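Hello,

Here is the structure I promised to pass on to you. Have a look at it first, and then read my notes below.

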Amino acid sequence: MEYLFEMHTHTKEVSTCAVAYAEDLIESYKSSDYAGFVLTNHLNASTFERAGLTDASWDEKIDHFMKGFNAVKKAAGDRFIVLLGFEINFYNTSNDYLVYGATEEFLRSHGDLMAKTPKQFSKLCRENGLLFIQAHPFRRGMKVVDWNILDGYEVFNGNPRHNSNNDIAEIWAKKHNKAIVVSGSDFHEIEDACAGGIYFKSPINNNDDLLRELRSGKYRLRKSDLGEQK
């Protein structure tokens, strides 16, 4: 038996580029064979600027960020496992990075995470047992970074409105022998549902399960042709 998990999702409660709300996300997946999601709402300057929180304290910003996670948890009820992650963009940079294994405590206890450099943030992730994955690394506008600071790459991004050059990302990951590769739908609206994800051999009930299974490499990726723009 396998357990399909969505690894890249956004909802409008937090991610300003999303169209779908928490309830739309759950409705879009409820008849699918997915067991759960990692909610990876955007942690970037735009998130807080559009919420009128540019000058707010970091704790107030995280209060807002957590509203998205809490809304999805509530909408999911007992139907899906929902885990906290995020997609971070550092100030004055173009790249996006997926973070797995996150906790609210981690988000609150290290100050403005967006003010760090990728290298500094990578060190922080490793000190706290989190995984630091470059999202859609070969989408237009992204830049290649030192692969040594990463734990892996998103090699399939199913968003239908972007060409993420997934084939190049997969070749790049293999070149650098990155065992941790992920696939996600990059869900922002209803049409994005169910394009990507990971089939795990064991159930994923919490972040410890997720991190263990990702590090094991014993999984396979969902790469649906419903996704990526050609």
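The largest pocket holds about 150 Å³ of space. A pocket here is found on a 1 Å grid over the protein atoms alone: it is an open set of points where a 1.4 Å probe fits, with protein on both sides within 12 Å along at least five of seven lines, and its lining residues have an atom within 4 Å of a point. The points are joined across faces, edges and corners, and the volume is the space filled by probe spheres set on them. Of the 15 lining residues, H136, R139, H162, D186 and H188 are the closest to the centre of the largest pocket. The lining is made up of 2 nonpolar, 7 polar and 6 charged residues (Ala, Val, Leu, Ile, Met, Phe, Trp, Tyr, Cys and Pro count as nonpolar, Asp, Glu, Lys and Arg as charged, and the others, Gly among them, as polar).

Please keep in mind that this is a predicted model, where local features need pLDDT of at least 70 and side-chain atom pairs count only at pLDDT 80 or more, while totals for chains, interfaces and linings use all residues. Residues are numbered from 1 along each chain as its sequence is written, and side-chain values use heavy atoms, with hydrogens and water left out.

Next, the core. The largest nonpolar core has 69 residues (a set of buried Ala, Val, Leu, Ile, Met, Phe, Trp, Tyr and Cys residues joined through side-chain atoms within 4.5 Å; buried means under 20% relative accessible area, exposed over 50%, partly exposed in between, with a 1.4 Å probe and protein chains only). Helix α3 (residues 58-76) gives the most to this core, with 7 residues (helices, H or I, of at least four residues and strands, E, of at least two are DSSP runs numbered from the N terminus).

I88 is among the residues with the most contacts inside the core. It lies in strand β5 (residues 86-88) and counts as buried because its relative accessibility is 0%. Leaving aside neighbours within four places in sequence, I88 is in contact (heavy atoms within 4.5 Å) with residues including L43, L113 and F121.

Finally, which residues of helix α6 (residues 166-175) are buried? They are N166, A169 and A173. These cover an arc of only 55° around the axis, so they sit on the same side of α6 (the arc is that of the directions from the helix axis to the C-beta atoms). They pack against β8 (152-157) and β9 (180-184), while D167, I171, K174 and K175 are exposed on the other side.

Best wishes
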